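I opened my notebook to jot down what I looked up in this one. Here are my entries, in the order I made them.

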Amino acid sequence: MSVRTARPSRSDLVADTALALLAERGMRGLTHRAVDEAAGLPQGSTSNLARTRQALLELAVRRLADREARVLALHEMPDPRAGAAPLADALALATHRALTRNRELTVARYELALEATRRPELRAYFDATGARFRDQLAALVTGMGSTDPARHTLSLIAWAEGLMFSCVAGSFGAEVPSLEEVRAGLRELLDGMLGV
């Protein structure tokens, strides 16, 4: 018996293609026409779905959030009562996924994040869609006994973002740390924050 995989919706196809173009060509390479061509859609299909550039960017951000939620595997995050080691394991796995098999998605996210610095309407949308991971991480560190959850959440996210940026687009672009190296760095950070 064969297993049928559902075809992506036209909206998902357009958004996934937009993300791929952002990673490959940057913001200048993202046009409605380029999405139509790369997705193999009739000319005007992307414009019918997302009339303006802002609408296309919002579609890409929404799809990015959905896909990153699977990469970050929020459902895999441990019970905070389990301690720092399980959290370091889960965060290391999510970070390593972003550096390896989801590298293109990470590059697209940086393109969108930079564009959001120039478009206040995109900034608000980008920040709102990314809040679910930040909020869950804050709940985890709170549950682990953090004395300053907001600051510790920022430190964890900044550490992971800094590592990902350095290894995807920065001066360590040719190097990808192993899962064990990412885990060790996170464990050091968590131990320091939580006084373990």
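I started with helices α1 and α4, which are roughly perpendicular to each other (an angle of 65 to 115 degrees). The axes of α1 (residues 10-25) and α4 (residues 53-72) cross at roughly 90 degrees and come within 9 Å. Axes here are lines fitted to C-alpha atoms, for helices over the stretch in contact, with angles from 0 to 180 degrees between N-to-C directions. Helices are DSSP runs (H or I, at least four residues), numbered from the N terminus.

I then checked who touches whom, contact being heavy atoms within 4.5 Å. On the α1 side I found Ser11, Asp12 and Leu19, among others, and they meet a set in α4 that includes Leu56, Arg63 and Arg67. By class, that contact has eight nonpolar, one polar and four charged residues. Ala, Val, Leu, Ile, Met, Phe, Trp, Tyr, Cys and Pro count as nonpolar, Asp, Glu, Lys and Arg as charged, and the others, Gly among them, as polar.

A note on sources: this is a predicted model, where local features need pLDDT of at least 70 and side-chain atom pairs pLDDT 80 or more, while totals for chains, interfaces and linings use all residues. Residues are numbered from 1 along each chain as its sequence is written, and side-chain values use heavy atoms, leaving out hydrogens and water.

Next I looked at α2 (residues 32-39), where His32, Ala34, Val35, Asp36 and Ala39 are buried (under 20% relative accessible area, 1.4 Å probe, protein chains only). Their cover includes α1, α3 (45-49) and α4.

Conventions:
Helices (H or I, at least four residues) and strands (E, at least two) are DSSP runs, numbered from the N terminus. Angles under 35 degrees count as roughly parallel, over 145 as roughly antiparallel, 65 to 115 as roughly perpendicular and the rest as oblique. Buried means under 20% relative accessible area, exposed over 50%, partly exposed in between (1.4 Å probe, protein chains only).
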